[in-house]
Amino acid sequence: QEGELKYKLHYNNGAVIRPGIYTLRSQAVLTSYTIENVEVPAVERQTLEYTVPFGSAKIEYKFTSPPERKGRRCWIYPVDEQGKHAKRSSKAKKCDGSEITLARGRYYVHIWKYLGEFEETYFDVITGQTAVVSIQQK
């Protein structure tokens, strides 16, 4: 509230919050978002629900010749409006077509070098949709 941290809430747990105008914020690498002007009115016992701008991606390697290694890891970097990769990436993710939850935005996939050489891969996540992403071997 007004730039000052007032409450930390877990998404499954409620809390008693004083009436006022707040900003909801998550700063996790792949699920960061901000929702401004959240009004908590002076009403007893209520539930406030907000939709966070999440979508997902199913990322999968496409091989011209399958590698000996079985793992299908990759790292995902958010990309800003100027095209710069974030300094922090995700932890290694399974890139075997499993669904990965991400905040709305643009991303870069850093491949696992032990699987070979691949085309640079960027993709966009749209709220409520699933992006199907293929990492193509050169």
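Colleague: Hi! Let's start with Glu60: what is its relative accessible area, and is Glu60 buried, exposed or partly exposed?
Modeller: Hello! In this predicted model, Glu60 has a relative accessible area of 34%, so Glu60 is partly exposed.

Colleague: Which side chain does Glu60 meet in a salt bridge?
Modeller: That would be Lys62, with an N to O distance of 3.5 Å. Lys62 is also partly exposed, at 33% relative accessibility.

Colleague: How many salt bridges are there in the whole structure?
Modeller: A search of the whole structure gives three. Another one joins Asp96 and Lys94, where the closest N and O atoms are 3.9 Å apart.

Colleague: And how exposed are those two, Asp96 and Lys94?
Modeller: Asp96 is partly exposed, with a relative accessible area of 35%. Lys94 has a relative accessibility of 58%, and therefore counts as exposed, the cut-off being over 50%.

Colleague: Which residue forms a salt bridge with Arg106?
Modeller: Asp124 does, and the N to O distance for that pair is 3.0 Å. The pair links distant parts of the chain: Arg106 sits in strand S7 and Asp124 in strand S8, 18 residues apart. Arg106 is partly exposed at 35%, and Asp124 is partly exposed at 43%.

Colleague: Nice. Switching to cysteines: how many disulfides does the search find?
Modeller: The search of the whole structure finds one disulfide. Cys74 and Cys95 form it, with their sulfur atoms 1.7 Å apart. Here too the pair links distant parts of the chain, 21 residues apart. Cys74 is in strand S4, while Cys95 is in the loop between strand S5 (93-94) and S6.

Colleague: Remind me, what kind of bond is a disulfide?
Modeller: A covalent bond between the sulfur atoms of two cysteines.

Colleague: Are Cys74 and Cys95 buried or exposed?
Modeller: Both Cys74 and Cys95 are buried.

Colleague: OK, what about the largest nonpolar core: which residues touch the most other members?
Modeller: The core has 21 residues, and those touching the most other members are Ile59, Tyr61, Ile76, Leu102, Tyr107 and Phe123.

Colleague: Which elements give two or more residues to this core?
Modeller: They are strands S3 (54-62), S4 (73-79), S6 (96-103), S7 (105-111), S8 (121-125) and S9 (130-136).

Colleague: Let me zoom in on Ile59. What does it touch, leaving out residues up to four places away in sequence?
Modeller: Quite a list: Cys74, Ile76, Cys95, Asp96, Gly97, Ser98, Ile100, Val109, Phe123, Val133 and Ile135. Among them are Cys74 and Cys95, the two partners of the disulfide.

Colleague: Now Ser56. Where does it lie, and is it buried or exposed?
Modeller: Ser56 lies in strand S3. Ser56 has 4% relative accessibility, so it counts as buried.

Colleague: Which side chain does Ser56 join in a polar contact?
Modeller: The side chain of Thr130, at 2.8 Å. Leaving aside residues up to four places away in sequence, Ser56 touches Glu99, Ile100, Thr101, Leu102, Val125, Gln129, Thr130 and Ala131.

Colleague: Let's talk sheets. In what order do the four strands of the open sheet come?
Modeller: The order is S5-S4-S7-S8, and the pairing is antiparallel. S5 and S8 are the edge strands, each pairing on one side only.

Colleague: How many bridges join S4 to S7?
Modeller: Six bridges join them, and S4 and S7 run antiparallel. As an example you can look up, Trp75 has His110 in S7 as its bridge partner.

Colleague: Where does Gln27 lie, and is it buried or exposed?
Modeller: Gln27 lies in the loop between S1 and S2. With a relative accessible area of 61%, Gln27 is exposed.

Colleague: Last one: what is Gln27 in contact with, leaving aside its neighbours within four places in sequence?
Modeller: Gln27 is in contact with Ser32 and Arg88 on that basis.

Key: Residues numbered from 1 in each chain as written. Predicted model: local features only at pLDDT ≥ 70, side-chain atom pairs only at ≥ 80, totals over all residues. Heavy atoms only, no water. Core = buried A, V, L, I, M, F, W, Y, C linked by side-chain atoms within 4.5 Å. Buried < 20%, exposed > 50% of the residue type's maximum accessible area, 1.4 Å probe, protein only. Contact = heavy atoms within 4.5 Å. Salt bridge = Lys/Arg side-chain N within 4 Å of Asp/Glu carboxyl O. Polar contact = N/O pair within 3.5 Å; in protein donor to acceptor, adjacent residues only side chain to side chain. Disulfide = S-S within 2.5 Å. Pairing = 2+ DSSP bridges.
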